[in-house]
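Keep the sequence and the 3D view open as you go.

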Amino acid sequence: MSIRRLATRRNFLLGLGTLAGASIAVAGKSTSTYVKNLIHTSRYESRDFATVGNAPLRDRAAAKGLIYGAVGDYLPLSSDKNYATSFARECGMLVSGELKWYFIRPTPDSFDFTKSDWVAKFARVSSMHFRGHTLVWHISLPDWFEETVNRQNAEGFLVEHIKTVVGHYAGQIHSWDVLNEAIEPNDGRPDSLRKTPWLEFLGEDYLDLVFRVAAETDPQALLVYNDFGMDYDNPRDEARRIAILKLLERLKSKGTPVHALGIQAHLWADATDFNPKKLRDFLSQVASLGLKILITELDVADHRLPPDIKLRDRVVAGVYEDYLSTVLDEPAVIAIITWGLSDRYSWMPEYHPRPDGLPLRPHPLDKHFKPKLAWNAMARAFDRAPQR
């Protein structure tokens, strides 16, 4: 598939998302397997999701030295006052998904920060941290990329891009997803690097290069390597955990200025292979490298659950609470970011529609911006988290 088609395929409602791995995880799920997997939902039927007080998620997280935030884009934030109000109330961090190449580089020689500047200002006036996603990715590249960038000029384009974008927001940004999804064991390389245009044009040294350029351009920003598929106890996720840890070790051994690992955490409401101990052990290994950890794109897909809303909401909430209770035990985890705040503005309907056509309910707030049990689950996890 061409880069252009990949970019188009990924530019859905919010211009967000990193579900290359998620789509693979869905493949092969038969109806019988789906029904069997629902047995695990019974564990949530009697769970008490009660919370104390009405403090928003941002305040509960901040009380423990954590940051809670969500991804949000220009169009819904600028056109829906209720959504913007809810976002400012609940979130201590705003992630812009409109900082990918596709959105800010209309031509090889120009940049357009109009929308992302509006989002950055909204974050500033709402007393939220601002976070950028993403500087280097093999998807969401502009239409001109495939015909313009080659081995001879790739480094120039890449360095110019990072210097321009990071420089534009220097002093305003909390953290950058500098490099996104550079690992894919199934691509067959001994080092498990994903076969991307950047790897083809520049070789493996590009991984070190992008962090060094970002660090030189904004020494104050937290620089993050971001990836998916580290959450479950199965061969595929185990291979990804091993490969990602080895990548981080290689970068650290070179003195590469990578400061944190971003774990996307796109979760499945019907998954039965979550192993808290295995995930905690992995987080501890990452922390032992001197790295911080951010949960960067948390959500819970409910498209394979029964239609009953009360049941779906309980299961989704249970998955949120179990996951957050696990990761927040690790002191190196400094931020929890959901890949969407309200069901009204979600990337999921296009990628994980329900067979029965019912609306999905994967996020903390419903389509009317009212807290759901998922919100309660997150609030409880923050309240119980160890102090940072």
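**Exercise 1.** Is Tyr74 buried, partly exposed or exposed?

*Solution.* Remember that this is a predicted model. Step one: the relative accessible area of Tyr74 is 26%. Step two: buried means under 20% and exposed means over 50%. Tyr74 is therefore partly exposed.

**Exercise 2.** Work out how the rings of Tyr74 and Trp118 are arranged, and what the pair ties together.

*Solution.* Start with the general idea: two aromatic rings are described by the distance of their centres and the angle of their planes. The count for this model comes to 19 aromatic pairs. For Tyr74 and Trp118, the centres lie 5.5 Å apart and the planes make an angle of 85°. Planes over 60 degrees apart count as edge-to-face, and this pair is edge-to-face. Now place the residues: Tyr74 lies in helix α5 and Trp118 in helix α8, so the pair ties together parts that are 44 residues apart in sequence. Trp118 is partly exposed, at 31% relative accessibility.

**Exercise 3.** Classify the pair of Trp144 and Phe145, then find its cluster.

*Solution.* The ring centres are 6.4 Å apart and the planes stand at 40°, so the pair is tilted. Both Trp144 and Phe145 are buried. They belong to one aromatic cluster together with Trp101, Phe157 and Trp198.

**Exercise 4.** Describe helix α10 and what covers its buried residues.

*Solution.* Helix α10 spans residues 154-168 and reaches 21 Å from its first C-alpha to its last, close to the 21 Å expected. Its buried residues include Phe157, Leu158 and His161. Among the elements covering the buried residues are β3, β4 and α12.

Conventions: Residues numbered from 1 in each chain as written. Predicted model: local features only at pLDDT ≥ 70, side-chain atom pairs only at ≥ 80, totals over all residues. Heavy atoms only, no water. Helix = DSSP H or I, 4+ residues; strand = E, 2+ residues; numbered from the N terminus. Expected span 1.5 Å × (residues − 1). Buried < 20%, exposed > 50% of the residue type's maximum accessible area, 1.4 Å probe, protein only. Contact = heavy atoms within 4.5 Å. Phe/Tyr/Trp six-rings, centres within 6.5 Å; stacked < 30°, edge-to-face > 60°.
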